Amino acid sequence: TVRELSVAPYLGGTATGTTLDLADVKLLAPAEPSKVFAVGYNYDSHRGDRVLPAHPPIFLKLPTTIIGPNAEIIYPEGATDVHYEAELVVVIGKTASKVSVEDAGDYIFGVTAGNDVSERTWQAGDRTLWRAKNTDTFKPMGPWIETEANPEDMQTTVRLNGEVVSQFATNNMIFGIAHYIAEMTKYVALYPGDMIWMGTDGATQNMKAGDTVEVEITGIGTLRNPLIGEE
């Protein structure tokens, strides 16, 4: 059952009294951020032989890339090597500025699943990642925000056309969630609905139009999206 709220839950929305069956609604992305941060090389096996950084690598994504569950990922014209990246996504619940590691948890509204779709050829050539990470539809997330999940208990599983292609302990990160919130808010305020994508583990594979990719995280659910060719 879906209960309608007056505004987004991370903005303090209250129930309007209207309820709907989940089967009768189309789920959109569960947050509308002003900013989307992402972290790189945050798992050892994805980092490979790169030197462990002294500070967490952080970059920005465009909010316009975000789509919801079951929405179509567009395989863009000219792309040759488009990969999935299964990630835990942290959604901020209240304005955070100069937050300590110890207090960071107070600013988290909840977590959801994300697929940081990436074009590897463009990633190697575009210094700012403007295409590689920010092409329209490249950031599916959902199916909803879980407010009581414990990352310590989570496992992330990726399926490509129904076949398991990756599985890892979600919280096996080099730098944890609280560390990133503290580091980011030294310089940039985070607002309710803003999000941090926490990186992926392991090697990833090329996808093609016609494929379906699923990201399942324990305690959250399954994010499923088909890929289509650009018309």
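Q: Start with T157. Which residue in β16 is its bridge partner?
A: E216 is the bridge partner of T157 in β16. This is a predicted model, so local features need pLDDT of at least 70 and side-chain atom pairs count only at pLDDT 80 or more, while totals for chains, interfaces and linings use all residues. Residues are numbered from 1 along each chain as its sequence is written, and side-chain values use heavy atoms, with hydrogens and water left out.

Q: How many bridges join β12 to β16?
A: Five, and the two strands run antiparallel. Two strands pair if DSSP finds at least two bridges between them. Strands (E, at least two residues) and helices (H or I, at least four) are DSSP runs numbered from the N terminus.

Q: What does E216 pair with in β17?
A: T222. β16 and β17 run antiparallel, joined by six bridges.

Q: What about the turn there?
A: β16 and β17 make a hairpin with three residues between the strands. G219 takes a positive phi near 85 degrees in it.

Q: Back to β12. What else does it pair with?
A: β13, residues 163-169, in the antiparallel sense over six bridges. V158 has S166 as its bridge partner in β13. These strands form a hairpin too, with two residues between them. In that turn, N161 has a positive phi of about 55 degrees.

Q: Other sheets. What is the strand order in the open sheet of three strands?
A: β10-β7-β15, with antiparallel pairing. β10 (118-119) and β15 (206-207) are at the edges with a single partner strand each, so one side of each has no neighbour in the sheet. β7 (residues 82-83) and β10 share two bridges. S118 in β10 is the bridge partner of H83.

Q: Change of topic. How many residues are in the largest nonpolar core?
A: It has 44. A nonpolar core is a set of buried Ala, Val, Leu, Ile, Met, Phe, Trp, Tyr and Cys residues joined through side-chain atoms within 4.5 Å. Buried means under 20% relative accessible area, exposed over 50%, partly exposed in between (1.4 Å probe, protein chains only). L88, I196, M198, M207 and V213 have the most contacts inside this core. Elements giving two or more residues to the core include β8 (86-92), β9 (108-115), α3 (177-184) and β17 (221-229). Apart from this core lies another, of 11 residues, among them Y10, A38, V89 and I145.

Q: What does M198 touch?
A: Leaving out residues up to four places away in sequence, its partners include V39, L88, F175, I177 and Y180. Contact means heavy atoms within 4.5 Å.

Q: How many α3 residues are buried?
A: Six of the eight, so α3 is largely enclosed by the rest of the structure. They are I177, Y180, I181, A182, E183 and M184. The cover includes β3, β4 (58-61), β8, β9 and β14 (195-197).

Q: Now pockets. What is the volume of the largest pocket?
A: About 1,100 Å³. A pocket is an open set of points, on a 1 Å grid over the protein atoms alone, where a 1.4 Å probe fits, with protein on both sides within 12 Å along at least five of seven lines; lining residues have an atom within 4 Å of a point. Grid points are joined across faces, edges and corners, and the volume is the space filled by probe spheres set on them.

Q: What lines it?
A: 30 residues, with V2, P9, L27, A29 and P30 nearest the pocket centre. β1 (2-5) and β11 (139-146) each supply at least two of the lining residues.

Q: Which residue in the loop between β3 and α1 deserves a look?
A: Y41 sits there. It is not a glycine, yet its phi is positive, about 50 degrees. Y41 is partly exposed, with a relative accessible area of 33%.

Q: And L129, buried or exposed?
A: Buried, at 15% relative accessible area. L129 also has a positive phi, about 60 degrees, without being a glycine.

Q: Last one. E231, buried or exposed?
A: Exposed, with a relative accessible area of 94%. E231 lies in the segment after β17.
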